[in-house]
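Dear colleague,

I am passing on the structure below, together with some notes on its aromatic contacts. Please keep it open while you read.

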Amino acid sequence: MPHDALRSQLRGDLLEPGSPAYDAARIVWNGMIDRRPELIARCRNAADVAASVNYARAHRLAIAVRSGGHNVAGYAVSDGGLMIDMSAMNAVHITPGLDRAYVEGGATWGDVDAATTPFGRATPGGLISMTGVAGLTLSGGIGWLRGTHGLSCDNLVAADVVTADGDLIHASETENADLLWALKGGGGNFGIVVNFEFRLHPVAEELIFCAPAYPEERANDILPKWRDYMATAPDEISGLAEFSTIPGDPAYPEPTWGKRVVTLATVYDGPAEVGERVTQPLRSLGEPLLDFSGRMSYRALQSIYDEMFPKGRDRCYWKSTYLAGLDNGVVAEITRRVATRPSEMTLASIWKFGGAVQRVAADATAFGDRSMPFMLSLDAIWSDPADDEANIGWVRDVWRDMQLYSTGRLYLNFPGLGEGENLVRDAFGAETYARLQMVKRAYDPHNLFHMNQNILPR
């Protein structure tokens with residue numbers, strides 16, 4: 001049979017078109033992505049990953065790396081190439097001292113939280129439990145604990161990496177330190193991370209999720225008050241203001257169906273009783289249409305958005321930009337443009353940065369400068385392929401016009417479909433990009449790993 005040489009080296013399975021599990025394995029989260037790789041290597045360990053890399057290099061097969069498969073640009077799968085599927089490599093081990101977690105490269109944040117929270121520990125993840133640890137961390141990782149503990153990448157202590165040569169190497173502050181620096185925000189450009197070592201932090205048994213949803217027509221009044229509250233909030237507060245539409249779902253009161261809202265989704269990283277008191281002003285800005293606030297465990301908090309983003313159901317195009325500020329004029333412009341969204345499934349969010357995120361020096365990680373106070377993400381979601389042009393066009397038009405208020409940079413976990421000649425260079429800035437190119441030349445000079453937010457070796 002073709003490809004028996006690789007099949008014989010794998011502990012996991014090798015799938016080809018026609019294999020019973022092939023179609024299920026190639027599906028990723030974004031329903032727009034429908035690609036057919038020549039091979040899918042369902043790896044079980046680092047040796048499987050190394051064998052797959054060597055085979056792809058020798059046979060000139062493009063490599064796509066899948067952990068959670070949640071990247072909106074669909075980098076986890078390519079037409080005619082080799083998908084290295086690490087989803088079975090999802091073990092999480094924590095040290096007896098409860099200060100470190102060792103996480104395999106295919107784990108999701110749900111896997112991590114299930115292993116750490118019973119011991120009262122967590123490391124900053126994203127907002128959706130099905131998101132892959134690898135993809136989120138390697139491009140930064142913005143979540144609910146960012147005010148106290150920074151980004152996911154800020155908590156990365158070390159990593160084991162399969163290189164373009166098929167070698168397994170360790171990256172830490174004392175060994176291949178340039179590679180560790182690059183992994184903290186530089187994406188999947190430098191190798192395949194098969195194991196992450198994260199710093200763990202205590203997390204309260206119950207947290208407060210504060211989430212009043214105000215009528216969208218009040219956004220120009222609500223958002224300046226939210227902005228002013230966040231400006232003086234303690235580090236324990238992390239949040240975003242999110243435009244959305246209440247779905248016609250029995251889970252919501254029928255009179256609210258189809259109503260557009262702006263929700264002030266906020267978490268206090270500390271005891272729920274303290275968090276309720278500190279976040280109460282956000283629930284007192286008038287009469288909310290709905291109030292989703294409540295006490296819950298961190299693990300439960302990490303899955304509350306899951307039902308909104310089921311795998312493979314919806315078509316998605318997400319793009320982001322960092323805002324230099326959020327004065328009343330910018331608020332009015334965002335509100336005006338968001339009101340024109342063509343799909344009621346679409347979300348648009350203003351994320352606030354501060355605390356531990358901004359205390360990291362610009363050159364300490366590949367994520368780069370942290371001075372941006374806000375991020376705007378435009379998350380178009382729709383169902384019908386006939387609506388692709390309208391929804392993608394809306395995001396691109398709004399994103400382009402919002403550059404007037406931008407720092408010029410963007411978050412590479414929300415990159416559209418990865419298009420744009422200068423997308424990655426602009427995201428990092430010239431100085432950081434040049435430094436990343438040096439690391440790329442050292443570890444992947446022939447750009448074997450290019451299905452990503454790609455950094456050119458030269």
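**Aromatic contacts**

Phe 292 is partly exposed, at 32% relative accessibility, where partly exposed lies between buried (under 20% relative accessible area) and exposed (over 50%), with a 1.4 Å probe and protein chains only. This is a predicted model, in which local features need pLDDT of at least 70 and side-chain atom pairs count only at pLDDT 80 or more, while totals for chains, interfaces and linings use all residues. Residues are numbered from 1 along each chain as its sequence is written, and side-chain values use heavy atoms, with hydrogens and water left out.

A search of the whole structure gives 13 aromatic pairs, a pair being rings of Phe, Tyr and Trp (its six-membered ring) with centres within 6.5 Å, called stacked if the planes are under 30 degrees apart, edge-to-face if over 60 and tilted otherwise. Trp 109 and Phe 198 have ring centres 5.8 Å apart and planes at 50°, so this pair is tilted. Trp 109 belongs to helix H4 and Phe 198 to strand E10, so the pair ties together parts that are 89 residues apart in sequence; helices (H or I, at least four residues) and strands (E, at least two) are DSSP runs, numbered from the N terminus. Trp 109 is buried, at 0%, and Phe 198 is also buried, at 0%.

Tyr 252 and Phe 292 form an edge-to-face pair, 6.1 Å centre to centre with 90° between the planes, and Tyr 252 is partly exposed at 25%.

Ring pairs also link Trp 29, Phe 309, Trp 318, Trp 351, Phe 367, Tyr 411 and Phe 414 into a cluster.

Best regards
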